[in-house]
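Dear colleague,

Please find below the structure that I am handing over to you. A summary of what was found in it comes after the sequence and coordinates.

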Amino acid sequence: MKPTCKFSFFQGGINQITPLNAIGVKELHHMIISDKYKKEIEAYRKTGDEKYKKSLDYICPSGIFSKRSNVNLISHSGLISIDIDSLESNDRAEELKMMLEYVEIEPCLIFVSPSGKGLKVLFFIDLDSGEHKKYFKALTIFFKNVLEIEIDQKCGEISRAAFLSFDPNAYINLNAMALNEDFLNIYPGDIDPIKITSTSMKNNLDLCNNDDEAIRVMTLALE
């Protein structure tokens, strides 16, 4: 099955449950790196007032919906999103974002969340190889056992909303390989609880462009 890679975009805050239209990863990336949400994001990070967050536009990245609920899914996008929350600082979020660019699975989009202390990470998935929930379970195990990172379990819901943010350095890779049957076969099983396996470390280092990047990846992996 070839995914549409289009998903519902909601304008006007979290109380708006009917989507405005459908957008793709490239358009989403453009919105996040632009100044479109800069004012609201800066106000939210400065004050912590939830009214700024709740007024943000948002997406349901895993599909096109008639309304925001699992039962109103029209078509799956071929995307799955995870949240990494409660990081100690924005600097840590930026460091982790860079590290995730070099892990053995390939995100198609990574951006800093509205709080500034979390990440949204999107992956393409092969829907012929497994359903949404299987991929989410496999990602949970991968992040916990390989990277020692807990991901937000609420993201397992196919209609889970993701607020847009402001991140001028958001990462995008439209050529990322989709997670597939191989990924599902490996990560639902028991694996050693280490941060980076020798194989994945080699793969990560091979992708580095220079010695400084390689040292940074190794340092982050061993923290």
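This is a predicted model: local features need pLDDT of at least 70, side-chain atom pairs count only at pLDDT 80 or more; totals for chains, interfaces and linings use all residues.

Residues are numbered from 1 along each chain as its sequence is written, and side-chain values use heavy atoms, with hydrogens and water left out.

Overall composition. The protein chain contains eight helices and ten strands (DSSP runs numbered from the N terminus, with H or I of at least four residues for helices and E of at least two for strands). Of its 223 residues, 48% count as buried (under 20% relative accessible area, with exposed over 50% and partly exposed in between, using a 1.4 Å probe and protein chains only). Among contacts (heavy atoms within 4.5 Å) between residues at least 6 apart in sequence, 71% join residues at least 24 apart.

The sheet. Four strands form an open sheet in the order E2-E1-E3-E9, with antiparallel pairing (two strands pair if DSSP finds at least two bridges between them). Its edge strands are E2 (21–24) and E9 (162–163), each of which pairs on one side only. E9 is joined to strand E3 (residues 58–60) by two bridges in the antiparallel sense, and Ile59 stands opposite Ala162 in E9. Helix H1 (residues 25–33) lies across strand E1 (6–10), E2 and E3, at about 85° to E2 (axes are lines fitted to C-alpha atoms, for helices over the stretch in contact, and angles run from 0 to 180 degrees between N-to-C directions).

Helix H5. The end C-alpha atoms of helix H5 (residues 132–146) are 21 Å apart, which agrees with the 21 Å that its 15 residues should span at 1.5 Å a residue (the expected span is 1.5 Å times one less than the number of residues). Eleven of the 15 residues of H5 are buried, including His132, Tyr135, Phe136 and Asn145. Their cover includes strand E5 (73–76), strand E6 (79–84), H4, strand E8 (119–124) and helix H6 (181–186). Just after H5, Glu148 takes a positive phi of about 55°.

The nonpolar cores. The largest nonpolar core has 33 residues, and Ile84, Leu100, Leu139 and Phe143 have the most contacts inside it (a core is a set of buried Ala, Val, Leu, Ile, Met, Phe, Trp, Tyr and Cys residues joined through side-chain atoms within 4.5 Å). H5 supplies the largest share of this core, seven residues. A second, separate core of 27 residues includes Val25, Leu28, Phe124 and Ala170.

Where is Lys97 found, and what is it in contact with? Lys97 belongs to helix H4 (residues 90–100) and counts as buried because its relative accessibility is 2%. Beyond its neighbours within four places in sequence, its contacts include Ile110, Leu119 and Asp167. Asp167 lies in the loop between E9 and strand E10 (171–172), and it too counts as buried, at 2% relative accessibility. The side chain of Asp167 reaches the backbone nitrogen of Val112 at 2.9 Å, a polar contact (a pair of N or O atoms within 3.5 Å; within protein, one must be able to donate a hydrogen and the other to accept it, and residues adjacent in sequence count only if both atoms are side-chain atoms). With sequence neighbours within four places again left aside, Asp167 is also in contact with Ile32, Ile33 and Glu94, among others.

Yours sincerely
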